[in-house]
There are 2 protein chains.
Amino acid sequence: MPNCTITFRPSGRKIEVNRGENILEAAIAAGIHVNASCGGSGTCGKCKIKIVDGKTQSPQNPKLSRGEFDKGCRLACITSCLSDLDIEIPIESQVDPSVLKLKREGRYLLSPRDIDQLVEGWEVDPAVFKRYVELDPPSLDDNVSDLTRLLNALHKEYGIKGISTDFRVIMKVSRLLREADWKVTVTLVLTRKGYKLINVEPGNVLCENYSIVVDLGTTTVFGQLLNLNRAEVCGVPDGMGTFTMAEASDYNAQISYGEDVISRIVYSQRSGGLQKLQEVIISTINGIIETLLQMSGIRRDLISHLVIAGNTTMTHLLLGIDPKYIREDPYVPTANFIPPVRAVHLGIDLGDHVHIYIFPMVASYMGGDIVSGVLGSGIFQRETLTLYMDIGTNGEIVLGNKDWLISASCSAGPAFEGAGIKCGTRATRGAIERVSINPNTFEPMLLTIGRTKPIGICGSGLIDTMAELFQGGIIDQNGKFRRELNTDRVRKGSDGFEYVLAWKEETGIKGDIVLTEIDIENLIRTKAAIYAGCKILLDSVDLGFHDVEQILIAGGFGHSIDLDKAISIGLLPEVDTGKYLFVGNGSLLGARLLSFSKDLLREAERIAHMMTNLELSNNSSFMSEFVAATFLPHTNSSAFPQVTERICEYQTAKAS
Amino acid sequence: MPNCTITFRPSGRKIEVNRGENILEAAIAAGIHVNASCGGSGTCGKCKIKIVDGKTQSPQNPKLSRGEFDKGCRLACITSCLSDLDIEIPIESQVDPSVLKLKREGRYLLSPRDIDQLVEGWEVDPAVFKRYVELDPPSLDDNVSDLTRLLNALHKEYGIKGISTDFRVIMKVSRLLREADWKVTVTLVLTRKGYKLINVEPGNVLCENYSIVVDLGTTTVFGQLLNLNRAEVCGVPDGMGTFTMAEASDYNAQISYGEDVISRIVYSQRSGGLQKLQEVIISTINGIIETLLQMSGIRRDLISHLVIAGNTTMTHLLLGIDPKYIREDPYVPTANFIPPVRAVHLGIDLGDHVHIYIFPMVASYMGGDIVSGVLGSGIFQRETLTLYMDIGTNGEIVLGNKDWLISASCSAGPAFEGAGIKCGTRATRGAIERVSINPNTFEPMLLTIGRTKPIGICGSGLIDTMAELFQGGIIDQNGKFRRELNTDRVRKGSDGFEYVLAWKEETGIKGDIVLTEIDIENLIRTKAAIYAGCKILLDSVDLGFHDVEQILIAGGFGHSIDLDKAISIGLLPEVDTGKYLFVGNGSLLGARLLSFSKDLLREAERIAHMMTNLELSNNSSFMSEFVAATFLPHTNSSAFPQVTERICEYQTAKAS
């Protein structure tokens with residue numbers, strides 16, 4: 001619950017914030033522009049504000065003289081709110097108040113806990129679970145085999161039967177049972193073929209049961225460490241009495257061999273290529289596992305399960321399956337349902353009892369990551385007609401509800417993951433994730449992930465920049481820079497016209513951070529492919545955007561994207577914004593829930609079976625829909641009436 | 001159908017034989033004694049007979065002078081019958097005709113084909129089978145994964161669903177389907193968890209589907225190569241237009257590390273011992289596989305399945321499972337039901353798709369070989385109360401019918417496999433398998449396997465020798481040699497008194513072949529343990545030997561044992577001999593049938609579950625029954641009325 005009010009002068013605009021909130025973050029979230037070039041790292045000194053009234057916490061900073069500090073001047077990016085505040089924004093940051101009424105607050109990101117609750121009716125009942133049993137020692141009157149004794153006890157105590165046994169358990173069970181004085185904890189896994197006994201440990205170690213879930217992306221690999229008993233992401237103490245989540249990510253090391261799935265497949269056809277790609281993705285995963293274990297302090301042998309959701313090509317490469325035919329018409333994967341495979345078989349650094357659950361796939365370009373997203377977001381449970389969009393390297397869309405699901409992959413390209421963009425980056429520390437541009441001065445306000453010096457622009461930053469450039473009249477509806485603007489922020493660079501978001505000396509890299517006209521073309525093609533894909537999917541079932549009752553957005557955009565901005569560039573359709581919900585990394589979400597509940601494991605299989613995939617490459621209407629969408633926001637302005645109206649008003653306000 | 005009559009002079013005894021039958025073999029089978037020391041190899045020259053009338057085929061031989069040959073003298077061991085014959089036996093071979101009436105013909109061995117039919121109602125429907133499918137190539141309208149396409153086709157064509165897939169198949173399926181122009185033969189295996197796709201081959205190769213079955217004995221390992229399509233043992237052309245069966249055997253190479261299971265378990269507890277024992281048994285199996293492939297000319301990659309039946313210790317050692325607790329009270333095996341394991345995982349030289357089916361076990365001393373024997377002999381199907389006895393290294397007994405089965409292991413020791421017997425040998429070429437002793441001259445008549453010079457005495461030969469020594473009054477009821485006999489065949493050797501079956505110069509080894517008093521003690525202990533085990537088993541269900549409706553004898557005795565002789569030493573109970581049936585190697589028999597029929601695979605599991613094992617070491621009556629049985633034929637002569645009567649008559653006849 002927000003408990004402080006900040007009033008910004010001279011506009012008088014008030015916003016509600018939580019005590020302790022950062023002023024710059026609060027401002028940008030509320031659509032209040034304050035110049036800021038260093039991403040919130042406290043180094044550019046541009047976000048000077050004056051605290052007229054109220055209490056803040058803010059360190060001194062070289063960019064502020066002693067005199068300024070004493071007069072109440074602060075850098076917004078390093079200042080947090082401790083009471084109701086009255087703040088004055090310096091003239092150079094101010095936007096004409098007449099345009100402010102057009103701004104709306106737009107945060108549709110649920111808390112992680114809320115997101116985990118999109119799926120209903122499941123109980124914490126992991127597919128990999130431990131049970132403690134105390135056995136009667138054998139005697140001459142009861143000398144069944146040790147394994148039978150153990151399985152009988154599991155049946156008697158817990159009603160579990162038909163358990164098959166991993167050979168490694170058989171190898172050690174006799175000695176272990178005796179050493180443990182017949183008191184042991186077993187680990188069981190539910191597979192498509194029933195229960196399997198994969199581990200036996202001495203004594204009662206029920207309290208320690210963890211899993212790791214991995215979203216295996218073409219560009220980025222994310223991992224989380226889960227506590228299976230508590231059905232939550234493990235907490236990592238931050239040394240200040242609070243906890244962050246045990247999660248880690250890294251670039252997919254395959255990037256060195258190609259940016260997208262097609263170039264990876266091409267590389268895999270070279271001699272030793274497939275093996276190399278498998279090696280490096282395994283090493284990426286091992287790195288993430290290592291990080292998760294180190295940050296959480298959890299022992300490697302306590303990890304019981306590994307769940308991986310990836311697109312079809314990544315899954316093939318992970319397993320060392322030749323992906324050749326994924327790329328060739330008619331785009332056939334080798335297998336969509338992968339049998340359980342032991343982690344150590346792939347060279348993954350986990351206990352040799354750990355099995356990997358690999359999310360089932362649907363088609364060559366509709367992978368386990370999307371099945372996981374559909375699972376995690378609960379579409380398969382609801383009557384509500386839902387459009388699920390995963391805007392990652394490829395751009396996959398799913399439409400449907402509990403009764404039917406159709407899907408399509410848009411070949412959108414990884415632009416919104418920062419790939420193929422001159423100063424693009426993934427959503428990592430230093431990535432520009434929020435951008436506002438003063439339509440009068442063209443000066444930017446930047447926020448970076450981690451509030452450090454900017455190193456590049458991630459997905460949400462790219463959307464913001466595009467939208468602000470377009471709204472501010474810096475680029476036209478074709479995405480071309482207006483040449484007549486009086487600002488050094490727009491210039492002709494080595495790749496043609498570009499907008500400078502941060503000057504070299506303000507950044508964490510050795511150069512200016514810019515967005516070029518070529519980048520913008522690239523982003524427009526991407527957003528056009530996604531929009532066109534949605535349109536085709538809806539057309540195929542004779543429905544329109546306004547029939548959709550819920551739109552779920554998943555993808556690797558920083559913490560979230562600004563909905564209004566995404567709509568204003570035509571990436572997302574203009575419908576009631578209340579229908580939108582951001583689910584963050586949908587693939588990781590589904591993998592997490594599946595880890596927690598064996599019912600959801602069965603549902604994942606069902607989802608993969610029920611999903612019908614449309615081949616857009618085979619669809620004659622797709623190209624015309626795509627071309628129509630390569631315009632800001634869209635050739636058909638009636639599809640974006642509010643955006644069109646707002647841009648007009650904005651331009652008018654500015655001109656007045 | 002016998003079609004020649006041989007009349008032996010001077011006794012006038014007639015026997016029916018087949019044209020071409022060997023005279024010495026025919027004589028011993030009919031209980032007619034002809035001195036013969038070299039086992040039928042034509043080298044001792046003792047089996048001289050005179051053809052008075054009729055046609056024979058017989059080569060000249062250095063042991064016969066030209067004059068003798070011209071007068072019609074022949075060596076019986078190298079002479080075959082071509083018409084009705086009138087044969088005169090020389091005086092030194094003749095047995096007093098008054099004892100001949102006591103002899104009976106006794107062969108109860110069915111042909112291999114008949115034995116395979118002890119189990120009824122199964123169809124040829126192997127657990128590992130091939131199916132041919134022609135797939136529609138993928139198109140943009142039908143681009144499911146290659147694996148799904150294949151599984152869908154198997155479902156549509158053959159109604160098989162729920163197939164899981166071996167990872168190795170996934171690795172190769174895409175390329176193979178295309179190279180084979182979408183026409184392939186798949187190999188499926190039925191496991192406890194359902195069907196599994198284990199191989200895909202290009203084109204239609206349905207006609208080539210083989211399996212290997214192995215009886216994994218403590219002393220000897222037997223193997224057969226089966227044609228799964230024809231449900232028969234593969235034939236090996238013998239170069240003369242006929243076929244022998246593709247079967248091979250070898251000593252279990254673990255013998256170097258101990259003769260019985262206990263000494264093997266002891267060895268396994270040494271550092272590296274378990275690994276060593278596993279290594280050498282695998283090498284024995286590989287040797288047998290190599291022999292089978294070479295003799296049959298069948299390619300290694302055409303073998304789809306390996307079925308192994310072994311006792312519990314051998315099975316543990318094969319798999320590298322520590323057998324420690326099998327030996328320690330209360331005698332607990334690690335596991336009785338073994339999950340399918342791939343042959344290559346154990347280092348067995350077969351295609352990497354080959355899974356091993358390992359027969360389920362019942363207890364530490366009631367193994368998969370016995371379950372296999374019970375399966376193969378059909379006990380589990382019949383109302384008939386059956387006693388199944390496997391007289392191998394250990395001596396296992398099963399009693400029951402289709403509704404119940406109880407079993408016991410007798411710790412009999414491997415004496416009847418020739419182990420622990422001074423001149424004992426397994427049933428191999430040169431092993432003395434048939435023995436007759438002239439009660440007047442004490443001269444022996446020997447037949448060896450392969451009719452070559454004797455190298456030792458195998459199980460059936462040991463039974464014959466014991467029985468003949470006892471019947472001829474050479475040993476007494478305690479198994480001690482009578483000292484007063486006037487013959488150099490009985491002498492005091494380095495190990496005490498002994499009977500010389502063959503003199504050094506008649507043998508294929510560098511010494512005399514003898515049976516010592518210590519050997520006889522050993523054999524008596526063994527037969528006593530087996531008899532006592534049967535008695536205890538019957539007592540436990542309040543039944544007696546005469547309630548038993550069928551007695552099945554399995555075990556590694558040469559080609560068969562002489563029933564009368566086995567009864568006369570008290571190894572087998574004296575009941576109506578019509579109840580006896582020899583099934584040969586019961587373990588191999590069951591393994592063969594299981595290979596041919598998936599229904600029998602399910603039955604094997606059921607048998608292992610339903611069998612109740614009695615621990616004799618825990619049974620207070622066992623020791624007294626054992627002691628009572630350490631007498632020839634038994635302390636309680638009323639249990640062997642006919643034997644007792646016959647011995648009396650025999651001794652009387654001899655004395656008269």
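This is a predicted model: local features need pLDDT of at least 70, side-chain atom pairs count only at pLDDT 80 or more; totals for chains, interfaces and linings use all residues.
View 1. The side chain of Lys535(A) meets that of Asp539(A) in a salt bridge, at 3.6 Å from N to O, where a salt bridge is a side-chain nitrogen of Lys or Arg within 4 Å of a carboxyl oxygen of Asp or Glu. Asp539(A) is also partly exposed, with a relative accessible area of 35%. Both residues lie in helix H13 (residues 517-540) of chain A and, being four residues apart, are separated by about one helical turn; helices (H or I, at least four residues) and strands (E, at least two) are DSSP runs, numbered from the N terminus. Residues are numbered from 1 along each chain as its sequence is written, with chains lettered from A and ligands numbered from 1 in the order in which they are written. Local features need pLDDT of at least 70 and side-chain atom pairs count only at pLDDT 80 or more, while totals for chains, interfaces and linings use all residues, and side-chain values use heavy atoms, with hydrogens and water left out.

**View 2. A salt bridge between two loops of chain A.** By the rule given above, the count comes to 68 salt bridges over all chains. In one of these, the side chains of Asp495(A) and Lys422(A) meet at 3.1 Å from N to O. Asp495(A) lies in the loop between strand S27 (490-493) and strand S28 (496-502) of chain A, and Lys422(A) in the loop between strand S23 (405-409) and strand S24 (431-437) of chain A, so the pair ties together parts that are 73 residues apart in sequence. Asp495(A) is partly exposed at a relative accessible area of 35%, and Lys422(A) likewise counts as partly exposed at 39%.

View 3. Asp70(B) forms a salt bridge with Arg66(B), the closest N and O atoms being 3.6 Å apart. The two residues both lie in helix H2 (residues 66-70) of chain B, four residues apart, about one turn of the helix. Asp70(B) is exposed, with a relative accessible area of 52%, and Arg66(B) counts as exposed at 56%. In chain A, salt bridges that share partners join Arg434(A), Asp464(A), Glu468(A) and Lys565(A) into one network.

**View 4. Aromatic pairs of chain B.** The structure holds 16 aromatic pairs over all chains; rings of Phe, Tyr and Trp (its six-membered ring) pair if their centres lie within 6.5 Å, and planes under 30 degrees apart count as stacked, over 60 as edge-to-face and the rest as tilted. Trp122(B) and Phe596(B) form a stacked pair, with 6.2 Å from centre to centre and 15 degrees between the planes. This pair links distant parts of the chain, 474 residues apart, with Trp122(B) in the loop between helix H4 (112-115) and strand S8 (128-134) of chain B and Phe596(B) in helix H15 (residues 586-596) of chain B. Phe596(B) is buried, with a relative accessible area of 1%. Phe129(B) and Tyr195(B) form an edge-to-face pair, at 5.9 Å from centre to centre and with 90 degrees between the planes. Phe129(B) lies in strand S8 of chain B and Tyr195(B) in strand S11 (residues 194-202) of chain B, so the pair ties together parts that are 66 residues apart in sequence; both of these residues are buried.

**View 5. Helix H11 of chain B.** Nine of the nine residues of helix H11 (residues 368-376) of chain B are buried, so the helix is largely enclosed by the rest of the structure. Among these buried residues are Ile370(B), Val371(B), Val374(B) and Leu375(B). Helix H11(B) is followed by Gly378(B), whose phi is positive, near 75 degrees.

**View 6. The interface of chain A and chain B.** In total, 44 residues of chain A are in contact with 44 residues of chain B, contact meaning heavy atoms within 4.5 Å. The rule for salt bridges finds two across this interface, and Asp322(B) forms a salt bridge with Arg175(A), the closest N and O atoms being 2.7 Å apart.

Technical notes
Buried means under 20% relative accessible area, exposed over 50%, partly exposed in between (1.4 Å probe, protein chains only).
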